[in-house]
Amino acid sequence: MRPIKPMSERATMTAMQLQQPGRPLQAATVPVPVPGEDQVLVRVHACAVCRTDLHIVDGDLTQGAYPLTPGHEVVGTVVARGARVEHLQDGQRVGVPWLGFTCGGCRFCRAGQENLCESARFTGYHLPGGYAQYAVADARYSFPIPSGYGDAQAAPLLCAGLIGYRALRMAGEARRIGLYGFGAAAHIVAQVAHHQGREIYAFTRPGDHGAQRFARELGACWAGDSTQPAPQPLDAALVFAPVGALVPAALAAVDKGGSVICAGIHMSAIPSFSYELLWGERMVRSVANLTRRDAEEFLALAPRVPVRTRTEIMPLAAAGEALNRLRSGEVHGALVLMP
Ligand SMILES: [Zn+2]
Ligand SMILES: [Zn+2]
């Protein structure tokens with residue numbers, strides 16, 4: 001598509017929209033949005049597909065603003081700015097993540113936990129996302145993209161990377177780290193953890209030798225089925241797969257004092273388990289959303305590792321097919337939509 005004059009009233013764009021949870025995405029022709037005072041208008045170059053998008057489309061998460069344009073791993077160029085935007089320039093390449101707005105005043109915001117803000121709004125859920133040719137975003141939640149990354153390569157950094165990084169940070173000084181589910185987030189975390197000198201143990205769907213090979217290529221010292229016991233007691237486990245049964249499995253794999261960190265926004269029910277699995281000061285916790293600090297830290301760290309994302313590009317119009325492929329579990333790395 002040729003660049004259009006963004007502020008023109010008649011300018012329209014294509015967006016892949018969800019009318020209601022559980023329905024397939026549909027291509028819609030909608031007006032190019034006009035940025036508010038604190039917003040930038042971004043011409044979308046790439047938007048990665050996240051498992052959260054799948055939960056939104058499938059109706060596991062139902063609090064969105066419908067019709068809804070998913071997509072919260074957006075890379076694009078600023079083409080217009082609201083009156084109060086000072087720190088971003090036209091032509092600058094930015095990334096737009098899941099956290100799209102916080103109130104700044106609630107007790108969580110004041111305590112530095114804006115990821116838990118009472119009035120938080122999320123890109124591609126409450127706010128229109130990046131499965132479109134253009135998107136508006138609050139400039140305070142839009143981050144310059146490191147120059148060494150192509151658009152498609154950068155896109156998965158914005159959720160898979162950020163949430164993975166936050167989850168890894170929650171593991172503290174843990175040396176032996178288990179990764180349960182080796183998709184987009186784990187493939188980035190593995191590289192960061194390896195760079196930090198940690199040992200990575202990758203647990204995949206039983207029999208997924210492709211994912212196990214991929215994990216070893218990225219520095220895992222062991223990779224196997226999630227039904228297997230860990231070869232060594234782990235210090236922490238990060239659970240990325242939305243499978244509740246992995247929580248007791250991961251608890252059984254961590255040593256005394258270890259933690260199990262659940263990084264997904266949705267998970268099937270966790271089966272009951274014996275208290276013995278938790279005993280010994282083991283912990284289970286979740287990681288919710290991200291803060292701006294996570295984004296700034298991780299986008300500075302990624303080029304130093306350097307994190308290299310494995311991506312497969314699909315056209316924007318194939319967003320529904322991309323979600324189907326993610327659901328089937330056959331994706332190694334990240335799918336990225338390009339308009
Ligand atoms: Zn708040
Ligand atoms: Zn995400």
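Helix α1 is followed by Gly-59, whose phi is positive, near 90°. The model is predicted: local features need pLDDT of at least 70, side-chain atom pairs count only at pLDDT 80 or more, and totals for chains, interfaces and linings use all residues. Residues are numbered from 1 along each chain as its sequence is written, while chains are lettered from A and ligands numbered from 1 in the order in which they are written. Helices (H or I, at least four residues) and strands (E, at least two) are DSSP runs, numbered from the N terminus.

- Helix α1 spans residues 51-58, and its buried residues are Arg-51, Thr-52, Asp-53, Ile-56 and Val-57.
- Buried means that 20 or more other C-beta atoms lie within 10 Å of a residue's own; exposed means 12 or fewer, and partly exposed is in between, with C-beta atoms placed from the backbone.
- The cover over the buried residues of α1 includes α10 (319-328).
- Helix α7 (residues 246-253) is mostly covered, with six of its eight residues buried.
- Those buried residues are Leu-246, Val-247, Ala-249, Ala-250, Leu-251 and Ala-253.
- Their cover includes strands β10, β13, β14 and β15, along with helix α8.

**Gly-100**

- Gly-100 sits in strand β6 (residues 99-101).
- Gly-100 has 25 other C-beta atoms within 10 Å, so it is buried.
- Thr-123 is 23 residues from Gly-100 in sequence, yet the two are 5.2 Å apart in space, C-alpha to C-alpha.
- Beyond neighbours within four places in sequence, Gly-100 is in contact with residues including Phe-122, Thr-123, Leu-127 and Tyr-141.
- Contact means that two C-beta atoms, placed from the backbone, lie within 7 Å.

**The nonpolar core**

- The largest nonpolar core has 114 residues, and Val-189, Leu-179 and Ala-250 are among those with the most contacts inside it.
- Helix α5 (residues 184-195) gives the most to this core, with eight residues.
- Such a core is a set of buried Ala, Val, Leu, Ile, Met, Phe, Trp, Tyr and Cys residues joined through C-beta atoms within 7 Å.
- Leaving aside neighbours within four places in sequence, Val-189 touches Gly-164, Ala-167, Leu-168, Leu-179 and Leu-238.

**Where α4 meets α5**

- The axes of α4 (residues 160-170) and α5 come within 8 Å and cross at roughly 55°.
- Therefore α4 is oblique to α5. Under 35 degrees counts as roughly parallel, over 145 as roughly antiparallel, 65 to 115 as roughly perpendicular, and the rest as oblique.
- Residues of α4 including Ile-163, Gly-164 and Leu-168 meet residues of α5 including Ala-185, Ile-188 and Val-192.

Methods. Axes fitted to C-alpha atoms, helices over the stretch in contact; angles between N-to-C directions.
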